[in-house]
Amino acid sequence: MAGKISMGARREVVSAVTERYRSAKRVEKGRILDALCATTGWHRKHAVRALR
C-alpha cells in the first residue's frame, strides 16, 4: 500500500491522525505509527516528527 501518493494527501492523513495520536496511550501510538508508515511510505522517525 506504500505506493506513490501526493504530498497533499500525506498532509491530509497526518492532520486527520494528529489529535488521535496525541491523546493515545503508548500501545495505540505504535499502531497509529504502523498504519501511517504503511500509508505514506515514511520511516517511523519521520512519522513521529510529522505528528508532533
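The place of a charge is NZ of Lys, CZ of Arg, CG of Asp or CD of Glu.

**Figure 1. Charges on the predicted model.** The protein carries 13 positive and 4 negative side chains, and the centres of the two sets sit 8 Å apart. This is a predicted model, where local features need pLDDT of at least 70 and side-chain atom pairs count only at pLDDT 80 or more, while totals for chains, interfaces and linings use all residues. Residues are numbered from 1 along each chain as its sequence is written, and side-chain values use heavy atoms, leaving out hydrogens and water.

**Figure 2. The fold at a glance.** You'll find 3 helices and 0 strands in the protein, in the order α-α-α along the sequence. Helices (H or I, at least four residues) and strands (E, at least two) are DSSP runs, numbered from the N terminus. The C-alpha atoms fill a box of roughly 30 × 15 × 15 Å along the principal axes. For 52 residues, a compact globule would have a radius of gyration near 10 Å, and the protein agrees, with 10 Å. That radius is taken over C-alpha atoms, and the globule rule is 2.2 Å times the number of residues to the power 0.38.

**Figure 3. Inside the nonpolar core.** A nonpolar core is a set of buried Ala, Val, Leu, Ile, Met, Phe, Trp, Tyr and Cys residues joined through side-chain atoms within 4.5 Å. Buried means under 20% relative accessible area, exposed over 50%, and partly exposed in between (1.4 Å probe, protein chains only). The largest core has 11 residues, including Val14, Tyr21, Leu36 and Trp42. Helix 1 (7-23), helix 2 (26-40) and helix 3 (44-51) each give two or more residues to this core, and helix 2 supplies the largest share, 4 residues. Overall, 29% of the 52 residues count as buried.

Figure 4. Leaving aside residues up to four places away in sequence, Tyr21 touches Lys29, Ile32, Leu33, Val48 and Leu51 (contact means heavy atoms within 4.5 Å). Arg22, found in helix 1, touches Lys29, Leu51 and Arg52, with the residues up to four places away again not counted. Arg22 and Leu51 are 29 residues apart in sequence, yet 8.0 Å apart in space, C-alpha to C-alpha.

**Figure 5. Thr39 and Val13.** Thr39 lies in helix 2 and is partly exposed, with a relative accessible area of 22%. Its C-alpha is 8.6 Å from that of Val13, 26 residues away along the chain.

Notes:
Lys and Arg count as positive and Asp and Glu as negative; His and the chain ends are not counted.
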